[in-house]
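Please look at the sequence and the model below before reading on. The paragraphs that follow take the parts one at a time.

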Amino acid sequence: MTPWTIRLCERRDVHELLFIEEAQFPEPWTRGMLLDEITNVETRRYTVAVLDTSIVGYLGVMFVMDELHVNTIGTLPGFEGRGIAASLMDDAWRDATERGIKRATLEVATSNTRAQQLYYRYGFKPVGVRKNYYERSGEDALVLWADLPSAT
Ligand SMILES: CC(C)(COP(=O)(O)OP(=O)(O)OC[C@H]1O[C@@H](n2cnc3c(N)ncnc32)[C@H](O)[C@@H]1OP(=O)(O)O)[C@@H](O)C(=O)NCCC(=O)NCCS
């Protein structure tokens with residue numbers, strides 16, 4: 001059993017998410033963007049990993065028909081490499097399978113090999129490139145797709 005627990009994200013978590021977001025992403029979302037995402041429970045599912053009383057990771061996915069889009073995932077600096085992101089992905093995959101979701105997709109920066117390693121473990125495969133996807137850096141994004149267990 002992991003020392004952290006996974007639960008649904010709540011509005012009050014936004015400060016901690018913003019902290020991780022600003023520490024981990026070159027083009028971080030704002031508080032307003034995060035709040036819009038967290039509270040849009042019709043089409044989004046945001047989860048957090050909680051260790052003691054602190055949020056050490058979060059994952060946000062969006063549902064589009066029978067597809068799941070990974071919108072964001074981040075682990076608190078200093079807590080990487082312990083399996084926190086994998087726990088969040090496991091939980092999302094379990095939930096998506098129950099919902100009958102068939103496929104999942106996401107974009108990831110071509111240089112972000114750490115995140116790519118995580119995604120490849122979940123069956124994601126590159127299917128294309130979006131040129132100049134990231135506004136500030138102009139970096140390209142790989143487009144990844146995966147079949148979920150419910151589809152096989
Ligand atoms: C990508 C990220 C979410 C991974 O989180 P994490 O909690 O460290 O991931 P986990 O510990 O669950 O590791 C899962 C896999 O990620 C990869 N990984 C984790 N730490 C790594 C490291 N230090 N070096 C290389 N790969 C690493 C490994 O493939 C690992 O699999 P393994 O357990 O078989 O070694 C985290 O590094 C992060 O927040 N990065 C910045 C934000 C980001 O890039 N998000 C993705 C945007 S598309």
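Two strands are said to pair if DSSP finds at least two bridges between them. Strands (E, at least two residues) and helices (H or I, at least four residues) are themselves DSSP runs, numbered from the N terminus. The model is a predicted one, in which local features need pLDDT of at least 70 and side-chain atom pairs count only at pLDDT 80 or more, while totals for chains, interfaces and linings use all residues. Residue numbers start from 1 along each chain as its sequence is written.

Begin with the sheet. Strands β3 and β4 run antiparallel and are joined by 8 bridges. V64 has E67 in β4 as its bridge partner. The hairpin of β3 and β4 has 2 residues between the strands, and M65 takes a positive phi near 55 degrees there. M65 is exposed, because 8 other C-beta atoms lie within 10 Å.

In what sense do β4 and β5 pair? They pair in the parallel sense, over 3 bridges. At β1 and β2 the pairing is antiparallel, over 4 bridges, and T5 stands opposite V50 in β2.

Taken as a whole, the open sheet has 7 strands in the order β1-β2-β3-β4-β5-β7-β6, and its pairing is mixed. Strands β1 and β6 (125-130) stand at the edges with a single partner strand each, so one side of each has no neighbour in the sheet. From one strand to the next, the twist averages 25 degrees. Helix α3 packs on the sheet and touches β1, β2, β3, β4 and β5, and its direction makes about 35 degrees with that of β3. For such angles, axes are lines fitted to C-alpha atoms, for helices over the stretch in contact, and the angles run from 0 to 180 degrees between N-to-C directions. Contact means that the C-beta atoms of two residues, placed from the backbone, lie within 7 Å.

Now turn to α3 itself. How does the span of α3 agree with its 16 residues? At 1.5 Å a residue, helix α3 (residues 84-99) should span 22 Å, and its end C-alpha atoms are 23 Å apart, which agrees. The expected span is 1.5 Å times one less than the number of residues in the helix. In α3, the residues I84, A85, L88, M89, A92, W93 and A96 are buried. An α-helix has 3.6 residues a turn, so residues three or four places apart point the same way. The cover over the buried residues of α3 includes β2 (44-51), β3 (54-64) and β5 (103-109), and also α4 (113-121). After α3 comes G100, whose phi is positive, near 80 degrees.

Two buried residues can be followed in more detail. Y46 is in strand β2 and counts as buried because it has 24 C-beta neighbours inside 10 Å. Not counting residues up to four places away in sequence, Y46 touches C9, E37, I38, Y58 and G60. Y46 and L88 are 42 residues apart in sequence, and their C-alpha atoms are 9.7 Å apart in space. L17 has its place in helix α1 (residues 14-24), and L17 counts as buried because 24 C-beta neighbours lie inside 10 Å. With residues up to four places away in sequence left out, L17 touches L34, I55 and Y58. L17 and G74 are 57 residues apart in sequence and 8.6 Å apart in space, C-alpha to C-alpha.

D52 lies in the loop between β2 and β3. Phi of D52 is near 55 degrees, a positive value in a residue other than glycine. D52 is exposed, because it has 7 other C-beta atoms within 10 Å.

Which residues are closest to the ligand? Of the 20 residues that surround it, the closest are T75, E80, A85, A86 and Q117; a residue is near a molecule if its C-beta atom, placed from the backbone, lies within 6 Å of that molecule. At least two residues of the shell come from each of β4, α3 and α4, and α4 gives the most, with 5 residues.

Notes: A residue is buried if 20 or more other C-beta atoms lie within 10 Å of its own, exposed if 12 or fewer, and partly exposed in between; C-beta atoms are placed from the backbone.
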